[in-house]
Amino acid sequence: DDSEEATSPWIAAIGAFRNSSDRLEEKFVVTCSGTILSKKFVVTAAHCLDDGNVILPEFVRVGDTRIDQTGAQDRRIKEVIKHPDRSDNWYYDIALLVLEREVNFNGRVASLCLPERAYTHPGEGMSILVQGWGEDINGRSGSQVSAVTVTVRSSVECDHRYDSAGP
């Protein structure tokens, strides 16, 4: 039912409109996920906006958990602000998207609740929920929001694994 309230109203699909294979309609193609911070700002991974991507995102879609759902709000990206220390590696892989028009908050669209004070690490062994428009268990990408619970690792372990694997 497309009228239901979303279980993840802060999730944003980032992408562009492209012609369908039969060229009869335009479809929204998801290239990355984002998180609504306010009516005008969405945060995402900076690599999603790098030159050289097959599709450079132009829009943010909010208010749905399936890409074909009715009632979604589409907003053009007005400005991209990448972290100033971003380089070719995965460090500082964060960007802020400024929307051309504000999204309307309702039962399906809301900002993520952020902590009142900053902290450096959520806690080793803690379970957290990771959500996004990435590939699902069946290999489909960008058709619906996926979620998985993961365990937070220590900063030392993360740094070791990153150094071992590389970007």
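Which residues lie nearest the centre of the second largest pocket? I will come back to that after a word on the model.

This is a predicted model, in which local features need pLDDT of at least 70 and side-chain atom pairs count only at pLDDT 80 or more, while totals for chains, interfaces and linings use all residues. Residues are numbered from 1 along each chain as its sequence is written, and side-chain values use heavy atoms, with hydrogens and water left out.

Now the pocket. Lys27, Phe28, Val29, Ile67 and Asp68 lie nearest the centre of the second largest pocket, out of 12 residues that line it. A pocket here is an open set of points on a 1 Å grid over the protein atoms alone, where a 1.4 Å probe fits, with protein on both sides within 12 Å along at least five of seven lines; lining residues have an atom within 4 Å of a point. The space in this second pocket is about 200 Å³, where grid points are joined across faces, edges and corners and a volume is the space filled by probe spheres set on the points. Strand β2 gives the largest share of this lining, five residues. Strands are DSSP runs of E, at least two residues, numbered from the N terminus. By class, the lining has five nonpolar, two polar and five charged residues. In that count Ala, Val, Leu, Ile, Met, Phe, Trp, Tyr, Cys and Pro are nonpolar, Asp, Glu, Lys and Arg are charged, and the others, Gly among them, are polar.

The largest pocket has a volume of about 840 Å³. Of its 24 lining residues, Thr35, Val43, Ile94, Ile128 and Val130 are the closest to the centre. At least two lining residues come from each of β2, β3 and β7 (127-132), and β7 supplies the largest share, four residues. The classes here are 15 nonpolar, eight polar and one charged.

Next, the aromatic rings. A ring pair is described by the distance of the centres and the angle of the planes. For Phe, Tyr and Trp (its six-membered ring), centres must lie within 6.5 Å; planes under 30 degrees apart count as stacked, over 60 as edge-to-face and the rest as tilted. There are two aromatic pairs in the structure. For Phe17 and Phe28 the ring centres are 5.3 Å apart and the planes at 75°, so this pair is edge-to-face. Phe17 sits in β1 (residues 11-19) and Phe28 in β2 (residues 26-36), so the pair ties together parts 11 residues apart in sequence. Phe28 is buried, at a relative accessible area of 9%, and Phe17 is partly exposed, at 22%. The cut-offs are under 20% relative accessible area for buried, over 50% for exposed and in between for partly exposed, with a 1.4 Å probe and protein chains only.

Phe17 also pairs with Phe59: the centres are 5.1 Å apart and the planes at 80°, so this pair is edge-to-face too. The pair links distant parts of the chain, with Phe17 in β1 and Phe59 in β4 (residues 59-62), 42 residues apart. Phe59 counts as buried, at 14% relative accessibility.

On to strand pairing, which needs at least two DSSP bridges between the strands. β4 pairs with β1 in the antiparallel sense over four bridges, and Ala12 stands opposite Val62. β4 also pairs with β5, antiparallel, over four bridges, and there Arg61 has Asp74 as its bridge partner.

β2 and β3 (residues 41-44) run antiparallel and are joined by three bridges. They form a hairpin with four residues between them. Ile36 stands opposite Val42 in β3. Val42 also has a bridge partner in β6, namely Leu97; β3 and β6 (residues 95-99) pair in the antiparallel sense over four bridges.

Last, a backbone point. Tyr92 has a phi near 60°, a positive value in a residue other than glycine. Tyr92 is in the loop between β5 (73-82) and β6, and is partly exposed, with a relative accessible area of 45%.
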